[in-house]
Amino acid sequence: MKVVANWKMYKTEKESLQFIDAILPHLQGREAYIAAPYPSLSALCKKTANSSISIGAQNMSQHLEGAYTGEVSALMLKEIGAKFVILGHSERRHFFKESEKDIFEKVLTALSQNILAIVCIGETLEEREGGQTKAVLRRQFEAAFQKLEISPKKIMIAYEPVWAIGTGRAATGEMASDAHGYIQRLLEEMVGKNLAQSFTILYGGSVKPENVGEFASMENIGGFLVGGASLDPTSFLSIINAAGV
Ligand code: PGA
């Protein structure tokens, strides 16, 4: 299982480094992924360089360089040692109006620069209640990958139902497992059954120490993308323990 912290716009550099000090002795070589705000990334990469922690970004530009005020490129992330990037998070799609085309271009850039991309897809409450969940997952999946050659080492997929993010209202294990099964099918259509099995599909949306066990026991769930509950070292570590990393 993989556990990925998505810190969103929380933690200064100093707080980030304190967090690493708090978790490192307890990880004992187990993997953890942390997506931190840009200003902390360089210091975090240095601090975790010889550890089992991978540091990544929560977004990046599709462009490698240019006159794009306020943007951060894959080249910049690579040089400081960032290992992965979250792309297509619903907060990016909804608050910052990222389009499916933007997300596809970002995936393309991540692949070309060898940065692991964690690509988020998921339906809104309205779409779920309208029976659109599978259609939305298919549309977002196909838009993000189109005809790209994707491999499990370069792409992870996160199923994040929008209504479960930051709301305290997680999906049930069964809902998540259904959606994951469907994403697995989409992967099979794209890369064939054998390769599809090697992809990691994360669940994200109000994962916490109290509910992670329910998801961890479900088929097709390969790990977690954790927002709120990843901010506190004790809670993050208990999720890692419960997930059996
Ligand atoms: P949450 O966020 O765990 O706070 O619901 C998850 C995410 O947005 O990745």
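**View 1. The lining of the largest pocket.** The largest pocket is lined by 18 residues. Lys 8, Met 9, Gln 58, Arg 92 and Phe 96 lie nearest its centre. The elements that give two or more residues to this lining are α2 (38-47) and α4 (90-95). Helix α4 supplies the largest share, 3 residues. The model shown here and in the other views is predicted.

**View 2. Volume and residue classes of the largest pocket.** The volume of the largest pocket is about 460 Å³. Its lining divides into 9 nonpolar, 5 polar and 4 charged residues.

**View 3. The second largest pocket.** This pocket holds about 210 Å³ of space. Its lining has 19 residues. Closest to the centre are Lys 8, Ile 165, Gly 166, Gly 227 and Gly 228. By class, the lining of the second largest pocket has 8 nonpolar, 8 polar and 3 charged residues.

**View 4. Helices α7 and α8 packed together.** Two packed helices are described by the angle between their axes and the distance between the axes. Here, α7 (residues 133-145) and α8 (residues 173-191) pack at about 40 degrees, and their axes are 10 Å apart. The angle therefore makes α7 oblique to α8. Their crossing is right-handed.

**View 5. The contact between α7 and α8.** Helix α7 brings Lys 134, Leu 137, Arg 138, Phe 141 and Phe 145 to the contact. Helix α8 brings Ala 179, Tyr 182, Ile 183, Leu 186, Leu 187, Glu 189 and Met 190. The contact of α7 with α8 counts 9 nonpolar and 3 charged residues, with no polar ones.

Notes. Residues numbered from 1 in each chain as written. Predicted model: local features only at pLDDT ≥ 70, side-chain atom pairs only at ≥ 80, totals over all residues. Heavy atoms only, no water. 1 Å grid on protein atoms, 1.4 Å probe; cavity = no way out; pocket = protein on both sides within 12 Å on 5 of 7 lines; lining within 4 Å. Points joined across faces, edges and corners; volume = space filled by probe spheres on them. Helix = DSSP H or I, 4+ residues; strand = E, 2+ residues; numbered from the N terminus. Nonpolar A, V, L, I, M, F, W, Y, C, P; charged D, E, K, R; others polar. Axes fitted to C-alpha atoms, helices over the stretch in contact; angles between N-to-C directions. Parallel < 35°, antiparallel > 145°, perpendicular 65-115°, else oblique. Left-handed = near helix turned anticlockwise from the far one by under 90°. Contact = heavy atoms within 4.5 Å.
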